[in-house]
Amino acid sequence: MSDRIQTEIAELALVPEVDSRVQQDLIAALHNAKLPLHPRIRERAAAVAGHYARFGAAGGAPDLDSLLERLLREMPTQDPFELLDPMLAQLDALPPEGQVIAVTGMMDAKQPLWNELAVLLLLHSDAQVRGQLPDSFRHGVGAAHLGPLGLSRLIGLRNWLPAAERPAVDVLIKKARMAGVASAPLPAAQPMTVYASPFDGSGAQGV
(Lines give C-alpha, C1' and ligand atoms only; values in the text may rest on other atoms or scores of the structure.)
Protein backbone atom coordinates (compact mmCIF):
# COMPACT_ATOMS: atom_id res chain seq x y z
CA MET A 1 0.00 0.00 0.00
CA SER A 2 2.85 2.35 0.86
CA ASP A 3 4.50 1.70 -2.50
CA ARG A 4 1.24 2.32 -4.36
CA ILE A 5 0.51 5.57 -2.52
CA GLN A 6 4.03 6.88 -2.99
CA THR A 7 4.01 5.97 -6.67
CA GLU A 8 0.75 7.87 -7.14
CA ILE A 9 2.18 10.88 -5.28
CA ALA A 10 5.24 10.78 -7.53
CA GLU A 11 3.22 10.67 -10.73
CA LEU A 12 0.48 13.15 -9.79
CA ALA A 13 2.19 15.66 -7.49
CA LEU A 14 5.90 15.71 -8.34
CA VAL A 15 5.39 17.49 -11.64
CA PRO A 16 6.23 21.11 -12.60
CA GLU A 17 2.52 22.06 -12.69
CA VAL A 18 2.12 21.50 -8.92
CA ASP A 19 3.25 24.22 -6.51
CA SER A 20 6.60 23.41 -4.91
CA ARG A 21 5.20 24.08 -1.43
CA VAL A 22 2.66 21.30 -1.93
CA GLN A 23 5.45 18.97 -3.02
CA GLN A 24 7.51 19.87 0.06
CA ASP A 25 4.52 19.28 2.34
CA LEU A 26 3.89 15.84 0.82
CA ILE A 27 7.53 14.80 1.24
CA ALA A 28 7.46 16.11 4.83
CA ALA A 29 4.29 14.08 5.51
CA LEU A 30 5.99 10.88 4.29
CA HIS A 31 9.03 11.70 6.45
CA ASN A 32 6.86 12.32 9.53
CA ALA A 33 5.11 8.99 8.91
CA LYS A 34 8.55 7.32 9.12
CA LEU A 35 8.13 5.87 5.63
CA PRO A 36 11.31 5.29 3.61
CA LEU A 37 10.95 7.29 0.41
CA HIS A 38 10.14 5.22 -2.66
CA PRO A 39 12.79 5.46 -5.43
CA ARG A 40 10.13 6.91 -7.74
CA ILE A 41 9.70 9.88 -5.37
CA ARG A 42 13.41 10.63 -5.62
CA GLU A 43 13.39 10.22 -9.41
CA ARG A 44 10.48 12.61 -9.87
CA ALA A 45 11.90 15.14 -7.37
CA ALA A 46 15.17 15.15 -9.33
CA ALA A 47 13.26 15.59 -12.59
CA VAL A 48 11.34 18.58 -11.23
CA ALA A 49 14.57 20.14 -9.93
CA GLY A 50 16.14 19.62 -13.36
CA HIS A 51 13.14 21.27 -15.01
CA TYR A 52 13.53 24.44 -12.93
CA ALA A 53 17.32 24.40 -13.32
CA ARG A 54 16.90 24.93 -17.08
CA PHE A 55 15.46 28.40 -16.50
CA GLY A 56 18.52 29.49 -14.54
CA ALA A 57 21.07 27.93 -16.87
CA ALA A 58 21.32 30.98 -19.14
CA GLY A 59 22.35 33.15 -16.21
CA GLY A 60 25.16 30.86 -15.15
CA ALA A 61 25.47 28.78 -12.01
CA PRO A 62 22.94 29.67 -9.31
CA ASP A 63 24.23 31.69 -6.35
CA LEU A 64 23.70 29.27 -3.47
CA ASP A 65 24.25 31.96 -0.86
CA SER A 66 21.52 34.14 -2.42
CA LEU A 67 19.20 31.13 -2.56
CA LEU A 68 19.79 30.34 1.12
CA GLU A 69 19.27 34.01 2.00
CA ARG A 70 15.89 33.94 0.25
CA LEU A 71 14.92 30.72 2.01
CA LEU A 72 15.94 32.32 5.30
CA ARG A 73 13.42 35.12 4.78
CA GLU A 74 10.68 32.57 4.11
CA MET A 75 11.42 30.44 7.18
CA PRO A 76 8.77 30.61 9.93
CA THR A 77 11.47 30.23 12.59
CA GLN A 78 15.11 31.13 13.10
CA ASP A 79 15.79 28.23 15.47
CA PRO A 80 18.05 25.54 13.90
CA PHE A 81 16.55 22.87 16.17
CA GLU A 82 13.06 23.58 14.84
CA LEU A 83 14.32 23.59 11.25
CA LEU A 84 16.18 20.30 11.61
CA ASP A 85 13.31 17.86 11.04
CA PRO A 86 11.73 19.77 8.09
CA MET A 87 15.17 20.00 6.48
CA LEU A 88 15.78 16.27 6.96
CA ALA A 89 12.46 15.59 5.24
CA GLN A 90 13.49 17.58 2.15
CA LEU A 91 17.03 16.15 2.12
CA ASP A 92 15.56 12.66 2.17
CA ALA A 93 14.37 13.21 -1.41
CA LEU A 94 18.02 13.45 -2.52
CA PRO A 95 20.51 10.59 -2.94
CA PRO A 96 23.25 10.48 -0.26
CA GLU A 97 25.77 12.28 -2.49
CA GLY A 98 23.27 15.08 -3.14
CA GLN A 99 22.56 15.42 0.58
CA VAL A 100 26.27 15.80 1.33
CA ILE A 101 26.59 18.53 -1.32
CA ALA A 102 23.52 20.37 0.01
CA VAL A 103 24.61 20.26 3.65
CA THR A 104 28.15 21.32 2.73
CA GLY A 105 26.61 24.29 0.94
CA MET A 106 24.83 25.21 4.18
CA MET A 107 28.09 25.02 6.13
CA ASP A 108 29.85 27.23 3.56
CA ALA A 109 27.01 29.78 3.51
CA LYS A 110 27.48 33.23 5.03
CA GLN A 111 24.31 33.03 7.14
CA PRO A 112 25.05 31.74 10.68
CA LEU A 113 21.69 29.93 10.88
CA TRP A 114 22.65 27.62 8.00
CA ASN A 115 26.07 26.96 9.56
CA GLU A 116 24.43 25.95 12.85
CA LEU A 117 21.93 23.74 11.04
CA ALA A 118 24.76 22.04 9.12
CA VAL A 119 26.47 21.24 12.44
CA LEU A 120 23.30 19.58 13.75
CA LEU A 121 23.10 17.51 10.56
CA LEU A 122 26.30 15.77 11.65
CA LEU A 123 23.85 13.65 13.69
CA HIS A 124 22.11 12.53 10.47
CA SER A 125 20.62 9.06 10.96
CA ASP A 126 22.06 7.81 7.64
CA ALA A 127 25.68 6.80 8.32
CA GLN A 128 26.43 7.05 4.59
CA VAL A 129 25.64 10.79 4.70
CA ARG A 130 26.86 11.51 8.23
CA GLY A 131 30.24 9.86 7.69
CA GLN A 132 31.11 12.05 4.69
CA LEU A 133 30.13 15.41 6.19
CA PRO A 134 33.18 16.19 8.40
CA ASP A 135 35.65 15.70 5.54
CA SER A 136 33.41 17.62 3.16
CA PHE A 137 33.15 20.49 5.67
CA ARG A 138 36.92 20.45 6.22
CA HIS A 139 37.69 20.88 2.52
CA GLY A 140 35.32 23.83 2.22
CA VAL A 141 35.36 27.22 3.95
CA GLY A 142 32.71 26.23 6.46
CA ALA A 143 35.03 25.81 9.46
CA ALA A 144 35.97 29.50 9.23
CA HIS A 145 32.27 30.47 9.00
CA LEU A 146 31.37 28.71 12.23
CA GLY A 147 30.31 31.05 15.00
CA PRO A 148 31.07 30.53 18.71
CA LEU A 149 27.70 28.83 19.25
CA GLY A 150 28.17 26.52 16.25
CA LEU A 151 31.63 25.48 17.47
CA SER A 152 30.27 24.87 20.99
CA ARG A 153 27.57 22.58 19.58
CA LEU A 154 30.10 20.82 17.36
CA ILE A 155 32.24 20.05 20.41
CA GLY A 156 29.17 18.94 22.36
CA LEU A 157 27.79 16.53 19.76
CA ARG A 158 31.18 14.98 19.04
CA ASN A 159 30.78 12.42 21.84
CA TRP A 160 27.34 11.41 20.57
CA LEU A 161 28.89 10.03 17.38
CA PRO A 162 30.26 6.50 16.96
CA ALA A 163 33.92 6.32 18.05
CA ALA A 164 35.11 5.66 14.49
CA GLU A 165 33.56 8.95 13.28
CA ARG A 166 35.04 11.20 15.99
CA PRO A 167 38.58 11.74 14.58
CA ALA A 168 37.20 13.48 11.47
CA VAL A 169 35.13 15.78 13.71
CA ASP A 170 38.21 16.46 15.87
CA VAL A 171 40.07 17.65 12.76
CA LEU A 172 37.14 19.94 11.90
CA ILE A 173 37.12 21.39 15.46
CA LYS A 174 40.87 22.02 15.24
CA LYS A 175 40.50 23.76 11.88
CA ALA A 176 37.79 26.05 13.27
CA ARG A 177 39.97 26.97 16.25
CA MET A 178 42.94 27.66 13.98
CA ALA A 179 40.67 29.99 11.99
CA GLY A 180 40.20 32.01 15.18
CA VAL A 181 36.74 30.78 16.17
CA ALA A 182 36.27 30.74 19.96
CA SER A 183 33.76 28.35 21.49
CA ALA A 184 30.78 29.95 23.23
CA PRO A 185 30.60 29.33 26.99
CA LEU A 186 27.97 26.96 28.29
CA PRO A 187 24.75 28.74 29.29
CA ALA A 188 24.46 29.48 32.97
CA ALA A 189 22.42 26.99 34.98
CA GLN A 190 18.93 28.24 35.78
CA PRO A 191 17.28 27.59 39.16
CA MET A 192 14.26 25.30 38.85
CA THR A 193 11.63 23.94 41.19
CA VAL A 194 9.75 20.78 40.22
CA TYR A 195 6.64 19.40 41.90
CA ALA A 196 5.61 15.77 41.38
CA SER A 197 3.07 13.58 43.14
CA PRO A 198 4.71 10.75 45.09
CA PHE A 199 1.72 8.57 44.18
CA ASP A 200 2.27 8.96 40.45
CA GLY A 201 5.38 6.94 39.74
CA SER A 202 5.27 7.39 35.97
CA GLY A 203 4.88 11.15 36.38
CA ALA A 204 7.85 11.35 38.73
CA GLN A 205 9.95 9.25 36.37
CA GLY A 206 8.94 11.47 33.48
CA VAL A 207 10.12 14.56 35.36
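How many of the 207 residues of the protein count as buried? Of these residues, 34% count as buried, where buried means under 20% relative accessible area, exposed over 50% and partly exposed in between, with a 1.4 Å probe and protein chains only. This is a predicted model, in which local features need pLDDT of at least 70 and side-chain atom pairs count only at pLDDT 80 or more, while totals for chains, interfaces and linings use all residues. Residues are numbered from 1 along each chain as its sequence is written, and side-chain values use heavy atoms, with hydrogens and water left out.

**Overall fold and surface**
- The secondary structure comes to 13 helices and 0 strands, given that helices (H or I, at least four residues) and strands (E, at least two) are DSSP runs numbered from the N terminus.
- Among contacts between residues at least 6 apart in sequence, 74% join residues at least 24 apart, a contact being heavy atoms within 4.5 Å.
- The protein exposes about 12,600 Å², of which carbon and sulfur atoms supply 61%; accessible areas come from the Shrake-Rupley method with a 1.4 Å probe, and for residues only the protein chains shown count as cover.

**The second largest pocket**
- The second largest pocket has a volume of about 250 Å³, and of the 14 residues that line this pocket, the closest to its centre are L88, D92, H124, S125 and D126.
- A pocket is defined on a 1 Å grid over the protein atoms alone, as an open set of points where a 1.4 Å probe fits, with protein on both sides within 12 Å along at least five of seven lines, and lining residues have an atom within 4 Å of a point.
- Grid points are joined across faces, edges and corners, and the volume is the space filled by probe spheres set on the points.
- Helices α5 (80-91) and α6 (96-108) are the elements that give two or more residues to the lining of the second largest pocket.
- The lining divides into 7 nonpolar, 4 polar and 3 charged residues, with Ala, Val, Leu, Ile, Met, Phe, Trp, Tyr, Cys and Pro counted as nonpolar, Asp, Glu, Lys and Arg as charged, and the others, Gly among them, as polar.

**Individual residues and helix α7**
- H31, in helix α2 (residues 20-32), is buried at a relative accessible area of 17%, and beyond its neighbours within four places in sequence H31 is in contact with D85, L88, A89 and D92.
- Helix α7 (residues 112-120) is mostly covered, with 8 of its 9 residues buried, and W114 in this helix has a relative accessible area of 0%.
- D108, found in helix α6, is partly exposed at 25%, and its C-alpha atom is separated by 6.6 Å from that of G140, 32 residues apart along the chain.

**Salt bridges**
- The count comes to 9 salt bridges, each a side-chain nitrogen of Lys or Arg within 4 Å of a carboxyl oxygen of Asp or Glu.
- R40 and E11 meet in a salt bridge (2.6 Å, N to O); R40 lies in helix α3 (residues 39-57) and E11 in helix α1 (residues 2-12), so the pair ties together parts that are 29 residues apart in sequence.
- D135 forms a salt bridge with R138, the closest N and O atoms being 2.8 Å apart, and both residues lie in helix α9 (residues 133-139), 3 residues apart, about one turn of the helix.
- Salt bridges that share partners join E11, R40 and E43 into one network.
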